[in-house]
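Let's take a walk through this one together. Have the sequence and the 3D view open side by side.

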Amino acid sequence: MPELPEVQTIVSGLKKVIVGKTIASVEILDEKRWQADESVVVKSKVTDVRRRAKTILIDLDNGHSLFIHLKMTGQLIFRQKASDSGLGTLDSSVAGGHPSKDWWANLPNKYTRVIFKFSDCSQLFFNDLRRFGWIRSSKSTDLKASQDKEYGVEPLSDQFTEEYLRSVIEKRPKANIKKILTDQSLIAGIGNIYADEALFHAGIRPDRIAATLKKADIKQLHHSIIKALELGLKHGGASDSDYVDSGGNRGEMQHHFQVYGRKGESCKLNGCQGIIEKIRLNGRGTHFCAKCQK
Ligand SMILES: [Zn+2]
């Protein structure tokens, strides 16, 4: 599932291209994926694109917002034909990296569930192979209130301090630390990948019981969570499944994982002779180096 860095990469890409555009129509190809009010969406103008936890928020000029959860295999891909934009190239990509021509050529495809058509003829495709994702709408103020109730602090915001991390650890002393990091009501946006990576950077085993963490461990973990997420952002997210950015490009973070998906491989830490192990924890595959994580 896309986590904070993947969702933020999509949001940053979309923000550059859809803010200011008017939604002329919505083509719904899968009724179950569309749980929004079409009447508030059509003819409204996009004023902002934001992220909260793992959801994508598209603010409209009528006080409503669309909010989208990509779940396992959702994609949001923006396309503007050169003939529409007046550009001389075949297609214009919105994000960095190498545009995947397959995506451009094959949209819509059999996994396309919803198509937003803007008044300038550009389009935004919501694809979802496994069909767990959804698009909803709400009054922007109601949405903020409900999301603030559901989600904890954003780990890349100023509210995520070492003291905050200590306070949530103290709230769940008997839980393993990975469980706390992936609890969206405490810290929003961290999932399986970035929890494993952050705990590696911190030298803390994922199954370590929260109450055993010392002040120095929490300080290191706070720093490591931010480091893991920022690395993910730097590399445009991780595409080890269906994730692509808003231009249809794959992320590169999977090539920089320290532990995630590296079972049986050597630990990358200098001087460590450890082999990465994979265990089942909280029902999820969990990766760590027993030599440098305690
Ligand atoms: Zn190691």
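This is a predicted model: local features need pLDDT of at least 70, side-chain atom pairs count only at pLDDT 80 or more; totals for chains, interfaces and linings use all residues.

Donors here are N, O and S atoms within 2.8 Å of the metal (3.2 Å for Na, K and Ca), and water is not among the atoms, so sites may look incomplete. For the zinc ion, the donor residues follow the spacing C-x4-C-x16-C-x2-C along the sequence. They are Cys267, Cys272, Cys289 and Cys292, each giving its SG, at 2.3 to 2.4 Å from the zinc ion. Angles among the 4 donor atoms run from 102 to 124°, and the site is tetrahedral (four donors, all angles between 85 and 135 degrees). For reference, the ideal tetrahedral angle is 109.5 degrees.

Residues are numbered from 1 along each chain as its sequence is written, and side-chain values use heavy atoms, with hydrogens and water left out.

Now for the sheet. Strands are DSSP runs of E, at least two residues, and helices are runs of H or I, at least four, numbered from the N terminus; two strands pair if DSSP finds at least two bridges between them. Four strands make an open antiparallel sheet in the order S1-S7-S8-S6. Its edges are S1 (23–28) and S6 (74–79), each pairing on one side only. S6 runs antiparallel to S8 (residues 123–128) over 6 bridges, and Phe78 has Leu124 in S8 as its bridge partner.

Note on methods: Four donors count as tetrahedral if all angles lie between 85 and 135 degrees; four count as square planar and six as octahedral if opposite donors are over 155 degrees apart and all others between 65 and 115; anything else is irregular.
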